[in-house]
Amino acid sequence: MAAAAAANGPNKVEKTAGGIDGPTNPMVTPLLTDLYQFTMAYAYWKAGKHKERAVFDLYFRRNPFGGEYTVFAGLEECIKLIANFRFTEDEIAFIKTSLPSSCEAGFYDYLRGIDCSDVEIHAISEGYVVFPKIPLMRIEGPVAVVQLLETPLVNLINYASLVATNAARHRFVAGKSKLLLEFGLRRAQGPDGGIGASKYCYMGGFDATSNVAAGKLFGIPLRGTHSHAFVSSFMSPDEITEKSLRSCDGSKVCEDFVSLVQTWLNKLKWSQLLGGIFGETNQSELAAFVSYALAFPKNFLALVDTYDVMRSGVPNFCAVALALNDLGYKAVGIRLDSGDLAYLSCETRKFFRAIEKEFGVRDFGKTNITASNDLNEETLDALNKQGHEVDAFGIGTHLVTCYAQPALGVVFKLVEINNQPRIKLSEDVSKVSIPCKKRCYRLYGKEGYPLVDLMTGENEPPPKAAERILCRHPFNESKRAYVIPQRVEELMKCFWPGRSGKKREELQPLNVIRERCIKQLDQMRPDHMRRLNPTPYKVSVSAKLYDFIHFLWLNEAPVGELQ
């Protein structure tokens, strides 16, 4: 699928009149939905209700991973779907075979004319930090069309927001100074999971990916070196036939780079500061490192744990790195993929610093140390507490599979039809929907941190900076507070105007969304962000909306009778 996505991606899909490409994944079509969306669409059509104007909210009920924030992602792909939403004859023929034969032919003629020209989408900008109950998207249009959009929109937002949040959480624990590399393609849930993970992990704060297809599709920086198989494929330095290497400035040629490496290895072995740390290193490993350095003298990074990190891998790497240094090259560093990462990184750093001190190789002590091996939030946190010297982390399985929580739980609820507010009731209060078309605001305090997100009815006057406003919990009458915001930000913008005539927000490049996401995370109060016992962020409604919710609730809930 990744190859198909590349072939049918942004550069290959015809643009709509609005200039918006089709979805990155060619499998995202109007058929990517649940059967009951078509059965409902037919029932709407049969009842003559299919053109009734409906408003749906797309939101989630709980933050993932035991945290108190979520990163909103996936909007761009939703807009690409909406901009290109049309049924082909082949798709209509399949739908016809999937529905009962009693369905009238006129319904299929109706499907032939469907597009999203009468659909209006308001949404929070992609990359924003978001919270439960607040609509991420508001979808307004003919009820049958909007119902057909439900499943693909939920699908496109659910995983994207989940994995972007997971990436942001890993970044928060690792700290801003560390390089974070997404290495999850081989463990992802299929090609689409791998492509999506690379895109949204980068958005959430990772620096690069190993996924070449994602690099091509989205312009994400690529990183990667070699595996244990490359190291163990060599038997001895005698296998190396082409031994010459031109210096970095091109002024000279070292005819026997292997001998230069061996010379440096002997110097390290008898070094005053390093004496006794290692004896004879593994020569097949040395051969692999030399071969890789000859292939990539400017990008030499070695995996050092195939045999023994401190007795072979690190000394062999240093010998090759010092030989490269003689020719004007600077080795990138090492990767640790097993063992006690805290201890090994600290011992390796001591080794590098000893070389810098004894041989006067400038900045050798700062040589990069990358760690991988099934890392997750907990192991990063443990490494921080133990103390380590790792500069970069390669994270895969736990990141891209969202091992700690498999789904965000995005929902899509009808809140208004024909200008009549609707509510979904439940014995579980968290599942009660908030009715009517709404506007959403973020209220900021004196220190610049967001204080509360506020929902109001669409026609209510907006809150203003420096004016006191009563903010109420949607369902708990005792939870309320007056807020005097220093700044007010309206969250939802028009990303697909339909026939409303409103100005459409342009879709931004991935790097711009990433910068927005990082800025959003930086401005959150630290106690909302911490891993353990984070402070819940307040989501509220205006007093007027609160009263209306409870009026509608009482109006719609059946009254019991005791006999």
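**A walk through the strands and the whole chain**

Let's start with strand β6 (residues 179-182), which runs parallel to β7 and is joined to it by two bridges. Strands here are DSSP runs of E with at least two residues, helices are runs of H or I with at least four residues, and both are numbered from the N terminus. Two strands count as paired if DSSP finds at least two bridges between them. Within this pair, E182 stands opposite T209 in β7.

Before going on, a word on the model: it is predicted, so local features need pLDDT of at least 70 and side-chain atom pairs count only at pLDDT 80 or more, while totals for chains, interfaces and linings use all residues. Residues are numbered from 1 along each chain as its sequence is written, and side-chain values use heavy atoms, with hydrogens and water left out.

Now step back from β6 to its sheet. Six strands form an open sheet with parallel pairing, in the order β7-β6-β13-β12-β11-β10. At the edges are β7 (208-209) and β10 (301-303), each of which pairs on one side only.

Next, look at strand β3, which covers residues 120-124. Is β3 mostly covered or mostly uncovered? It is mostly covered, as five of its five residues are buried, where buried means under 20% relative accessible area, exposed over 50% and partly exposed in between, with a 1.4 Å probe and protein chains only. In a regular strand the side chains alternate between the two faces of the sheet. In β3, E120, H122 and I124 point one way, while I121 and A123 point the other way. β3 pairs in the antiparallel sense with strand β5 (residues 137-142) over four bridges, and with strand β21 (residues 492-496), also antiparallel, over four bridges. A123 is a handy landmark: it stands opposite M137 in β5, and its bridge partner in β21 is K493.

Finally, take in the whole protein chain. It holds 18 helices and 22 strands, and its C-alpha trace spans about 95 × 55 × 50 Å along its principal axes. Of its 563 residues, 55% count as buried.

How far can you trust what you see? The mean pLDDT (the predictor's confidence in each residue, from 0 to 100) is 94 for the protein chain, and 97% of its residues reach 70 or more. Over residues 1-14, however, pLDDT stays under 50. For that stretch the model has 30 contacts (heavy atoms within 4.5 Å) beyond four places in sequence.
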